[in-house]
Amino acid sequence: MGTGSMGAAFASRALEKGHQVTVWNRTPDRCGPIAAAGARQAATSGEAAAGADAVLVVLADDAAVREVCLGAEGVLASLEPSAVFANVSTVAPSTVRQLAEAGPPDRVLDSPVMGSPEMIAAGFGSFLIGGSLSAITAVEPLWTDLGSGYTHCGPTGTGAKMKIIQNMLLITGVAALAEAVATARANGLSEELIRSVMADSGVVSPASKVRLASLLDDAHPGWFSPALARKDIRLAMDLASQVGIPARSGPAAESLLTTVIDEGDVWPDFAAVIEAFKP
């Protein structure tokens, strides 16, 4: 369910591994390339879920997940009693609990994934799963066919929490790197020197290094938009607030992303956060 960058990558990988794949998207035309590659395109979300052994939902945000999955016409209402429902979207733990309460007992998982669309298509994504171990093992081949395996984080909601925390590290780390690059540029250091030293630096995280090229490129290529990054950092700030953690780096990153978004959000990747440092 959902054939954006991530959903299309999962569907492509599933086809490659020999699974029978049905796809559905709220904008039907986005299913075209996957359908052409061998997937069956369903006319409705209910039709897509009917008869499936496993249903993976890969949507942009909480509102989209609730709209597609809940209610009399939602995906969960069409789920076979023995099927496993896996929400791969990055959403709030409260949304995950709503899904679990609406679905068959012990068959609903929060299973966000760590990895880019390219990593997913190559089978290198790693799932962070919350929910029943029996549901996880019921579709055991799925996690290694579509990724590199999984970590069972605990009961419902723990997979969502762990993914949000991981994305908090990613987003604040890239924001800090953007500030460092902007400062280096303003001090007259060359692009070649910045690229070389930052790429080899022990103080820059591997995840931030992945976005170094996008930071330095004025087009900021990629797939994780500033709007999606701001959504995830806000989820992280909410998670911290609920347990009394006085978040500091999260609000700073959120403010920088808002500056970029308010200027038009024309860049494909949140590495565009460096634009917030331009005079």
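1. A word to start with: contact here means heavy atoms within 4.5 Å. Please also keep in mind that this is a predicted model. Pro226, Ala227, Ala229, Arg230, Ile233, Arg234 and Met237 of H14 meet a set of residues in H15, namely Gly250, Pro251, Ala253, Glu254, Leu257, Thr258, Val260 and Ile261.

2. How do H14 and H15 lie relative to each other? Their axes come within 9 Å and cross at roughly 155 degrees. Angles over 145 degrees count as roughly antiparallel, and H14 and H15 are therefore roughly antiparallel to each other. Their crossing is left-handed.

3. From H10, the residues making the contact are Leu177, Ala180, Val181, Ala184 and Arg185, while H11 brings Glu191, Ile194 and Met198. Six of the residues in the contact of H10 with H11 are nonpolar and two are charged, with no polar ones.

4. Now for the interior. In soluble globular proteins, nonpolar side chains tend to be buried together. In this model, the largest nonpolar core has 30 residues, and those with the most contacts inside it are Ile171, Leu177, Val181, Met198, Leu257, Phe270 and Val273. At least two residues of this core come from each of the helices H10 (158–186), H11 (191–200), H13 (212–216), H14 (226–242) and H15 (249–262). H10 gives the most to this core, with 10 residues.

5. Which residues does Val273 touch, leaving out those up to four places away in sequence? They are Val174, Ala175, Ala178, Leu256, Leu257 and Val260. There is also a second, separate core of 27 residues, and it includes Ala9, Cys31, Leu56 and Val88.

6. Two backbone angles deserve a friendly flag. Most residues other than glycine have a negative phi. Asp106, though not a glycine, has a positive phi near 60 degrees. Asp106 sits in the loop between helix H6 (93–102) and strand S5 (108–110). His220 is likewise not a glycine, and its phi is positive at about 50 degrees. The loop between H13 and H14 is where His220 is found.

7. Are Asp106 and His220 buried or exposed? Asp106 has a relative accessible area of 53%, and because exposed means over 50%, Asp106 is exposed. For His220 the relative accessible area is 1%, so His220 is buried, the limit being under 20%.

8. Ser45 belongs to helix H3 (residues 45–49) and counts as buried, at 9% relative accessibility. Setting aside residues up to four places away in sequence, Ser45 touches Met1, Trp24, Val68, Glu73 and Val75. Ala35 lies in helix H2 (residues 32–36), and its relative accessibility of 27% makes it partly exposed. Ala35 and Val23 are 12 residues apart along the chain, and their C-alpha atoms are separated by 7.7 Å.

Notes
Residues numbered from 1 in each chain as written. Predicted model: local features only at pLDDT ≥ 70, side-chain atom pairs only at ≥ 80, totals over all residues. Heavy atoms only, no water. Core = buried A, V, L, I, M, F, W, Y, C linked by side-chain atoms within 4.5 Å. Buried < 20%, exposed > 50% of the residue type's maximum accessible area, 1.4 Å probe, protein only. Helix = DSSP H or I, 4+ residues; strand = E, 2+ residues; numbered from the N terminus. Axes fitted to C-alpha atoms, helices over the stretch in contact; angles between N-to-C directions. Parallel < 35°, antiparallel > 145°, perpendicular 65-115°, else oblique. Left-handed = near helix turned anticlockwise from the far one by under 90°. Nonpolar A, V, L, I, M, F, W, Y, C, P; charged D, E, K, R; others polar.
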